[in-house]
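Here is a short briefing to read alongside the model. Have the sequence and the 3D view open as you go through the points.

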Amino acid sequence: MPCDSLSHGYSLLNTDDYHMRVLSGIQPTGRPHWGNYFGAIVQYIALQDAEQAYYFIANLHALTTVRDKQLLAQYSLDAAMDLIALGLDPQQAVLFVQSDVPEVSELCWILLSGTPMGLLERCHAYKDKKAKGLTADAGLFAYPVLQAADILAYDSDTVPVGEDQVQHIEVCRDIAGSFNHQYGEVFVLPKAKVLDSSARVPGTDGEKMSKSYNNTLAVFEDAKAQKKQIMRIATDSRPMDESKDPQDDVLYLLYSLVAAESDRAEMAELYQRGGFGYGDVKKKLAEAAEAFFADARSRREDWQRRPDDVRDILAAGAAKARQKAGEVLNRAQEACGLKGF
């Protein structure tokens, strides 16, 4: 897929050698829950069949919220293990830690030097914090520029995001487009791939599943512990024999994520017919969840026993990422006069 082109300036980008690249970053701020998995991770992993896919652990971004050295390091390693256990194939996709590619930080500064303050002041995260009367640090303010550097450093043309993150890609395109206008066609202008909104996962309270609401089900939770959590989910007080719309029930919506198609259809018929108890539904949900995540949990336990192998995967991924990011950084440096004088 060719990059957007500009009619002025000179071109440093050889589009003849260009291949479609997918990029996604995952913040290491805790263990994944069902909302993370079904709402995003499973869709990210499906995109690794693209010609080239880059996935990184966004530990530089996490510095705006995680200020504990040991915790951030552990979260970063855990995130890599989680992704691999859930199906990311390091032989097929490039997996690395963001801070292991210093070229991105240098590219970030180059982009910062030409980014208007007004553009960043309009970004949601900064605006929301200011609106609440909270203090925003420079890291949060410049966060979109680092995101832009992440994307542009690998000539990424496809970035999977939720609907609420499309603005980040638009900001990236604005920053890259301005640079290209000033110095020539240096950067590929990426496009957002909006993730399937139907994959939005309800929490145990019926609201969107989020750590902020304390309503999550963890992907790698012990099966017995998760069953106890599921059995505590609050249900409505309608009579057992009353017909119910399954699409309005949290238990059914969660069940539909982890159950086989035939089992989902059978459960839906049960809801519509009535005459059942929520306790039975909860037990079936727990059983389906245990079976659905069994292989991933087994793989995760295996990787947990050999963390050095995970570190080797991340190091190999960083080497590949640095090679590509170095090419892009060199183009930008030459274009704006930091090299070649």
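Of the 341 residues in the protein chain, 47% count as buried, where buried means under 20% relative accessible area, exposed over 50% and partly exposed in between (1.4 Å probe, protein chains only). Please keep in mind that this is a predicted model, in which local features need pLDDT of at least 70, side-chain atom pairs count only at pLDDT 80 or more, and totals for chains, interfaces and linings use all residues. Residues are numbered from 1 along each chain as its sequence is written, and side-chain values use heavy atoms, with hydrogens and water left out.

**Overall fold and surface**

- The protein chain has 13 helices and five strands, taken as DSSP runs (helices H or I, at least four residues; strands E, at least two) and numbered from the N terminus.
- With a radius of gyration of 23 Å, close to the 20 Å that the globule rule gives for 341 residues, the protein chain is as compact as a globular protein of that length; the radius is taken over C-alpha atoms, and the rule is 2.2 Å times the number of residues to the power 0.38.
- Along the principal axes, the C-alpha atoms of the protein chain fill a box of roughly 80 × 45 × 40 Å.
- Among contacts between residues at least 6 apart in sequence, 78% join residues at least 24 apart, a contact being heavy atoms within 4.5 Å.
- The accessible surface of the protein chain is about 17100 Å², and 48% of this belongs to carbon and sulfur atoms; areas come from the Shrake-Rupley method with a 1.4 Å probe, and for residues only the protein chains shown count as cover.

**The second largest pocket**

- On a 1 Å grid over the protein atoms alone, a pocket is an open set of points with protein on both sides within 12 Å along at least five of seven lines, a cavity is a set where a 1.4 Å probe fits but cannot get out, and lining residues have an atom within 4 Å of a point.
- The second largest pocket has a volume of about 250 Å³, a volume being the space filled by probe spheres set on the points, which are joined across faces, edges and corners.
- Its lining has 16 residues, and I110, L111, S113, G114 and F179 lie nearest the centre.
- The elements giving two or more residues to this lining are α4 (102-112) and α8 (166-183), and α8 gives the most, with six residues.
- By class, this lining holds 10 nonpolar, five polar and one charged residue, with Ala, Val, Leu, Ile, Met, Phe, Trp, Tyr, Cys and Pro as nonpolar, Asp, Glu, Lys and Arg as charged, and the others, Gly among them, as polar.

**The cavity**

- The count comes to one cavity of 30 Å³ or more, and the largest cavity holds about 30 Å³ of space.
- P28, T29, G30, R31, Y75, D78, A79 and D82 line the largest cavity, a set of three nonpolar, two polar and three charged residues.

**Residues to look at**

- D155 sits in the loop between α7 (138-152) and β4 (158-161); its phi is near 50°, a positive value in a residue other than glycine, and D155 is buried, with a relative accessible area of 2%.
- N214, in the loop between β5 (191-194) and α9 (223-231), also has a positive phi, near 55°, but N214 is exposed, with a relative accessible area of 70%.
- A138 belongs to helix α7 and is exposed, with a relative accessible area of 62%.
- The C-alpha atoms of A138 and Y126 are separated by 9.8 Å, with the two residues 12 apart along the chain.
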